[in-house]
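Let's take a friendly walk through a protein model.

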Amino acid sequence: MCGIVGYIGDKDAFPILIKGLHRLEYRGYDSAGVALLNNKGELHIFKTKGKVNNLEKYCSDKDVSGNIGIAHTRWATHGEPSDINAHPHYSQSKDIALIHNGIIENYLSLKQFLKDKGYIFKSETDTEVLVQLIEYVKKEHKLSLYDAVQRALSQVIGAYAIGVIERQNPNVLIAARKGSPLIIGVGEGEYFLGSDASPIIEYTNKVVYVGDEEVVRMEKDREMEIRNLSDSVIVPEITELQMDLSEIEKGGYPHFMLKEIFEQPRALSLCMNGRVHEELKEIKLSGIIDHIDRFRNARRILISACGTSWHAGLIGKYLFEQFCRIPVEVEVASEFRYRNPVIFPNDVMIAISQSGETADTLAAIELAKSKGAFIYGVCNVVGSSIARATDTGTYTHAGPEIGVASTKAFTTQVAVLAMMVFAIGRELGTVKQDEYEKLVTELAFIKNKIEEILALKDSIESMSKVFTYAKNFIYLGRGFNYPVAMEGALKLKEISYIHAEGYPAAEMKHGPIALIDEEMPIVVIAPKFAMYDKILSNVQEVKARNGRIISIVTKGDTQIKALSDFVIEIPETIECLSPLLTIIPLQMLSYYVAVAKGRNVDQPRNLAKSVTVE
Ligand code: F6R
């Protein structure tokens, strides 16, 4: 979704802003722009439809001097992607420029009010309404920019993260946030603004996470000031980013997605570090230790998430029910939040989110919270809105995920859920000590088995080239691997634009089997577990209809292998942890099919990395 960058200090702002926009490209966008205040007292806005490279070209013969500026990548919501709708937006007098992430829900009534006051609008955006409102309030009440922003925002319903500069005020950068992420980087007498840490990290690791309804005033060589909309002074809390630049660069890989697929063994190590104690055969999660009674007394667990995180949640259900014997409901957050669900005060909600900014998941949390449920977060991005909205939780520590298609976020989410379940199960007595020790040991070493699968890179790549012709794929799995089938299908459709569906294998004969012919690739996830014979019958049904079978089987398999056109062998493991292995070849398959089709793997069309609108 939209990205925000800002700078105020002694350096040239333009290169910092452009580099920052490039770093935010992964979030998904369709236009880009920059506003700069130069030392002749001019406020220039340059913006174009399309990529940041276009913007750079467009600016190549323009005056881009100035030590203060704001920049933006826009993912269209109100009004099509166009030069005019791109941010920043000027106020009527062209004295104020503003960038905005989020949605102003009452923009139509505010727009009408401003029109009645003589304001003229150039774009279709809700953002232009905001900048005009700030100018109106400023003039009407003779306020400073800081005060005007604060006052204008108190009239706004919706979500926002904004950066604002003013021609007559060349030393001040104002920012504010509600619902959309915003971080301030604190340098030596300078400040950086970012939707996340990626545009900031190469300059400073000291950051302030702007809180909801907070307005920040930054001035070169001065301490920042923060006030909230109720006019209370907030003391900025500076925290240190635990991240380094190499984590947001490709490091020799052609795409972030491939890098992130290959990073999974390391991501899992970081995720389990200090939590899975292989030598003691023990799992220690502070979020669980401190709140075990909430789980012990839980009437039910609700899992709420979207997309890939929802798929991880589905695996969580299988895990919790098998090992903790607590009933679990898993629901996509966008449905949960609007269907008036029954929520009890002794429910525990587990909210799963890589970005920690997904609007629907955040709303589901607020709803559950309002009914007294205890909220446990499983997030990747430290300090994110969801992480802060939850009562407690466990970070996945996968490191920044830049590729739009989630990979390492998924495996680390599943690993966190497994850790939670094994730890809770032991406390509840539903997991016996010998079983617990076996589970802990397998989890601790699963990364080595992932390495073995990653080594199959060349054969998966050459197999993938065969399937570029396909218009549809079906993915089949059972039990713990049914959600993996859905996740494999999602990966393929996201980045290759091939239609794909994941089904519980036995459900195939209730409909999808009609689609099978000699053209149709069927990916069957069939490691050797209790349901093997059942899934073998499902494969035979496909074979009888001449489907092209790609199977994921346990090493040494003979029966399903004999029926398959292509086989990928994975090492043996315990069934409940098999999703951590079976998903790896599916991620690789999607990646290589997409590359062979010449797709933009890291930034697939229409998709945004963090979905901050509902
Ligand atoms: C799929 C993907 C999306 C996200 C979904 C939720 O590859 O990336 O489906 O999983 O938008 O995002 P988070 O986990 O950030 O809440």
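## Around the ligand

Which residue has a polar backbone atom 3.0 Å from an oxygen atom of the ligand? It is T308. Keep in mind that this is a predicted model.

The protein covers 91% of the 410 Å² of accessible area that the ligand has on its own. There are 15 residues around the ligand, and those that come nearest are S309, S353, Q354, S355 and T358.

Now turn to helix α4, residues 126-141, and helix α5, residues 145-153. Their axes come within 8 Å and cross at roughly 115 degrees, and the crossing is right-handed.

Which residues meet here? From α4 come L130, L133, I134, V137, K138 and H141, while α5 brings L145, A148, V149, R151, A152 and L153. Sorted by class, this contact has 9 nonpolar, 1 polar and 2 charged residues.

Most peptide bonds are trans, and most residues other than glycine have a negative phi. With that in mind, here are two places to look at.

The peptide bond from H87 to P88 is cis, and its omega is near 5 degrees. You will find P88 in the loop between β4 (68-74) and β5 (89-90).

H397 is not a glycine, yet its phi is positive, near 55 degrees. This residue sits in the loop between β22 (392-395) and α14 (408-428).

Conventions
Residues numbered from 1 in each chain as written. Predicted model: local features only at pLDDT ≥ 70, side-chain atom pairs only at ≥ 80, totals over all residues. Heavy atoms only, no water. Axes fitted to C-alpha atoms, helices over the stretch in contact; angles between N-to-C directions. Helix = DSSP H or I, 4+ residues; strand = E, 2+ residues; numbered from the N terminus. Left-handed = near helix turned anticlockwise from the far one by under 90°. Contact = heavy atoms within 4.5 Å. Nonpolar A, V, L, I, M, F, W, Y, C, P; charged D, E, K, R; others polar. Near = heavy atom within 4 Å. Polar contact = N/O pair within 3.5 Å; in protein donor to acceptor, adjacent residues only side chain to side chain. Areas by Shrake-Rupley, 256 points an atom, 1.4 Å probe, with all protein chains shown as cover.
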